[in-house]
Amino acid sequence: SLSWYSHFYVSVCLYGTAAVAKIILIHTLAKKFYYVNASDRHLGELFFDTSLCVHCLSLTALTYRGLGSAFVSAVWVAFPLLTKLCVHKDLKQHGARGKFIAFYLLGMFIPYLYALYLIWAVFEMFTPILGRSGSEIPPDVVLASLLAGCTMTLSSYFISFIYLAKSTRKTLLALATVCAVTLLLVCSGAFFPYSSQPASPRPKRVFLQHVTRTFHGLDGNVTKRDSGIWINGFDYTGMSHITPHIPEINDTIRAHCEEDAPLCGFPWYLPVHFLIRKNWYLPAPEVSPGDPAHFRLVSKEQTPWDSVKLTFEATGPSHMSFYVRTHRGSTLSQWSLGNGTPVTSKGGDYFVFYSHGLQASAWRFWIEVQVLEERPEGMVTVAIAAHYLSGEDKKSPELDALREKFPDWTFPSAWVCTYSLFVF
């Protein structure tokens, strides 16, 4: 995975050649076995006109919708149409094949040049994104699909050449050779995914959070308390490239999901838990920020419409995350946040991100839980994480020591946080 992350040409040689070869192979087989009695020139014109119709439909749809990007389709209609009108006579003359090819390529120059510019812009944007798209989305599948789609678009007006050509055997052999050789090099590990070059950095992004977690039961007593450095790799390769440099980060310390806690009981800074399911938890001493966070239940009252209103108050650093999970038989009907309507994150839990400036009063808010069926394990679980992203509280000796071990082609973001969970 990600062998092309810092060497984009690898993806072109691996997936682009395969896409081109497949298109040529399919049309070559169709020409040989399906269109047996059809004229090659007629088939060439037919597939050119088909591609022209497809782009015309795209232009019509975009224009009807009033989208300014319709000009891209207009370029793909106007220039090929003019080219067709100019080279139509040359195509009929048997001895003018070279002149026909020259005029054809010249007429296609502007739309293909502009298309390549747009395609390059797309890959300049998506390639870095695929380096931080999480552990659940296979980036090679996404990139291969993008390349296949771009190949289909770029090949649209050149399919006619497959039917006009005498043989495509050498072309197919060359494409298959390039693809096979690239595949062997990729599988042998010849292309390292990451780079620390200042001109074109392609780092591996890692989050390191030195956290102390405290879990409270329904009676308010502490049921579990632990501390460690919670490690998240933001790409598909996980820690496979990090382990040789930092042996203590390996699959023996994979983090285990706390099934009864919202978002698996970890201090997520953003609700991306469904994208990053592989993380690591390295045991470490407890953290003790100089300005500790405080969270308390201010009041619990029964409303006239048979729900329970819980009012909370929180003080802490400038960035905090609040998590809610309702138990079976309960629903979160209202809260004092946003427009008052609770919205779940993926997975059914609720996530709230709170930040404030240097001076801020205590954060007071309430949630309203509709209890349909009382159960012995309570009605709702809430948790709050305090993220110390600046100042002296951001650091810890263990966190700094671990961060120093990371190689220069990584970009580790590290901070201290605390996590407290309560059941009501």
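In this predicted model, Leu 208 stands opposite Ala 414 in strand β11. The two strands concerned are β1, residues 204-216, and β11, residues 410-423. They run parallel and are joined by 12 bridges. Both belong to an open sheet of seven strands. The order in that sheet is β3-β2-β1-β11-β10-β6-β8, and the pairing is mixed. At the edges stand β3 (279-283) and β8. Each of these has a single partner strand, so one side of each is left without a neighbour in the sheet. From one strand to the next, the twist averages 25°.

Strand β6 covers residues 319-326. Eight bridges link β6 to β10, which spans residues 380-388. This pair runs antiparallel. Within it, Arg 325 stands opposite Thr 381 of β10. Six bridges link β6 to β8, which spans residues 350-355. Here too the strands run antiparallel. Tyr 323 has Phe 351 of β8 as its bridge partner.

Four strands form an open sheet in the order β4-β5-β9-β7. Its pairing is antiparallel. The edge strands are β4 (294-302) and β7 (330-335), and each pairs on one side only. Neighbouring strands of this sheet are turned by 30° against each other on average, with direction ignored.

Strand β9, residues 363-371, lies between β5 and β7 in the strand order. Its pairing with β5 (residues 307-315) is antiparallel and extends over eight bridges. In this pairing, Ser 307 has Gln 370 of β9 as its bridge partner. On the other hand, β9 is joined to β7 by five bridges, again in the antiparallel sense. Trp 335 stands opposite Ile 367 of β9.

UniProt, in an unreviewed entry, places the feature "domain: Endoplasmic reticulum metallopeptidase 1-like C-terminal" at residues 201-422. This span is 45% strand and 4% helix. Its end C-alpha atoms lie 43 Å apart.

The unreviewed UniProt entry also carries the annotation "transmembrane region". That annotation covers residues 6-25, 70-88, 100-123, 143-165 and 172-194. Two of these spans were examined further. Residues 100-123 are 96% helix and 0% strand. The end C-alpha atoms of that span lie 33 Å apart. Residues 143-165 are 83% helix and 0% strand. For this span, the end C-alpha atoms lie 30 Å apart.

The largest pocket holds about 520 Å³ of space. Its lining consists of 24 residues. Nearest its centre lie Gly 16, Val 20, Thr 151, Leu 154 and Ser 155. Four helices each supply at least two residues of the lining: α1 (8-34), α5 (109-130), α6 (139-155) and α7 (159-164). The largest share, seven residues, comes from α1. By residue class, the lining divides into 17 nonpolar, seven polar and no charged residues.

The structure holds 43 aromatic pairs. One of these is formed by Phe 47 and Tyr 163. The pair is stacked, with 4.7 Å centre to centre and 10° between the planes. Phe 47 lies in helix α2 (residues 40-64), while Tyr 163 lies in helix α7, so the pair ties together parts that are 116 residues apart in sequence. Helix α7 is also among the helices that line the largest pocket.

Notes:
Residues are numbered from 1 along each chain as its sequence is written. This is a predicted model: local features need pLDDT of at least 70, side-chain atom pairs count only at pLDDT 80 or more; totals for chains, interfaces and linings use all residues. Side-chain values use heavy atoms; hydrogens and water are left out. Two strands pair if DSSP finds at least two bridges between them. Axes are lines fitted to C-alpha atoms, for helices over the stretch in contact, and angles run from 0 to 180 degrees between N-to-C directions. On a 1 Å grid over the protein atoms alone, a cavity is a set of points where a 1.4 Å probe fits but cannot get out, and a pocket is an open set with protein on both sides within 12 Å along at least five of seven lines; lining residues have an atom within 4 Å of a point. Grid points are joined across faces, edges and corners, and a volume is the space filled by probe spheres set on the points. Ala, Val, Leu, Ile, Met, Phe, Trp, Tyr, Cys and Pro count as nonpolar, Asp, Glu, Lys and Arg as charged, and the others, Gly among them, as polar. UniProt positions are given in the numbering used here, feature names are shortened, and annotations may be inferred rather than shown by experiment. Rings of Phe, Tyr and Trp (its six-membered ring) pair if their centres lie within 6.5 Å; planes under 30 degrees apart count as stacked, over 60 as edge-to-face and the rest as tilted.
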